[in-house]
Amino acid sequence: MRRFEDSNKPAVTAPVVKQEPPVYNADVIDWDAHTIVGTSTKLEKPYLRLTSAPDPSTVRPPHILEKTLQLLKSKWREDPNYTYICDQFKSVRQDLTVQRIKNELTVSVYEIHARIALEKGDLGEYNQCQTQLKQLYEYNIPGNVMEFTAYRILYLLHTRNPSDIISMLASLTQQQKEDLAVKHALQVRTAMASSNYYKLFRLYATAPNMGGYLMDQFVDRERVEALKSICKAYRPNIEFRFLVTTLGFVSSEECIKFLKDINVTSDSKALNLTTGILDTKIAFPIVTLAGQKYLKVDIKGQL
């Protein structure tokens, strides 16, 4: 299953930096003195917010966390209970954090949790994972950097954050731009910026890895925008089958459901399924009103 896969990735070696002897400062907290080493052997543990210093006897060391990760992967395959799995992954992440563990295990935990959150449409949890992954990759810890770079681009397109998108694009290397997943995400960005909706919905159908789950979050918003353009360009009407193809639906039933969700129905006299015609003049104000709900993107957990 894609969420558990590891890409073939070359080993990354961090540059050697000469360490200067530490200078004591009484006003600066010595975090090394507060770093704990867990001793718990429990594989499963509920997530609880820390209100005091962590107790080493309740924290799992790395070799136990490795076993926990394998157990959670197995349980998710057998019974995809997201509430349970999310709680357990947050507990694992907490144990890694309090022990200040930043290695390939940490990256693997955040990557897998991020993919599961994407699959379940939990963008708040996904965003917390992607924020940590960005920092971990900057430490040159090996991981699926290209895959999650592509996800980050799609996520920023969803949140409509132009300054972050510009900053993100400026930071991409030529190697990243040539990666299949990153190239796809950049093509999505270009299609959206140029209002090339036909191209956009074709890219949606061919999204690599789990990019389709992220595009699920904004594809209906873009379909509303596309339909507004169609209603303005085609008067007095347009064939329903043209909408099915142009808006990237795989079936007429999916298109009908989408139109009903935005109140473009036979009741409004905008759509006549008997003749297969959409009255664009009647539909335009209805579609415009439907677009109002997409003006603000509200994501719990966004950092």
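The largest cavity holds about 30 Å³ of space. Here a cavity is a set of points on a 1 Å grid over the protein atoms alone where a 1.4 Å probe fits but cannot get out, and a volume is the space filled by probe spheres set on the points, which are joined across faces, edges and corners. The model is predicted, so local features need pLDDT of at least 70 and side-chain atom pairs count only at pLDDT 80 or more, while totals for chains, interfaces and linings use all residues. Residues are numbered from 1 along each chain as its sequence is written, and side-chain values use heavy atoms, with hydrogens and water left out.

By this rule, 1 cavity of 30 Å³ or more is counted. The largest cavity is lined by Ile153, Leu156, Leu157, Ile165, Met168, Leu169 and Arg189, lining residues being those with an atom within 4 Å of a point. Helix H6 (145-159) and helix H7 (162-171) each give at least two residues to this lining; helices (H or I, at least four residues) and strands (E, at least two) are DSSP runs numbered from the N terminus. The lining has 6 nonpolar, no polar and 1 charged residues, where Ala, Val, Leu, Ile, Met, Phe, Trp, Tyr, Cys and Pro count as nonpolar, Asp, Glu, Lys and Arg as charged, and the others, Gly among them, as polar. In the loop between H6 and H7 sits Arg160, a residue other than glycine with a positive phi, near 55°.

Attention now turns to a pocket, an open set of points with protein on both sides within 12 Å along at least five of seven lines. The second largest pocket has a volume of about 550 Å³. Its lining numbers 19 residues, with Arg93, Gln94, Thr97, Tyr110 and Gln132 nearest the centre. Helix H3 (82-98), helix H4 (104-119) and helix H5 (123-138) are the elements giving two or more residues to it, and H3 gives the most, with 6 residues.

H3 and H4 also pack against each other, at an angle of about 155° with their axes 10 Å apart; axes are lines fitted to C-alpha atoms, for helices over the stretch in contact, and angles run from 0 to 180 degrees between N-to-C directions. The two helices are therefore roughly antiparallel, a label for angles over 145 degrees.

Finally, the peptide bond from Arg235 to Pro236 is cis, with omega near 5°. Pro236 belongs to the loop between helix H12 (219-233) and strand S1 (237-239).

Note on methods. Angles under 35 degrees count as roughly parallel, over 145 as roughly antiparallel, 65 to 115 as roughly perpendicular and the rest as oblique.
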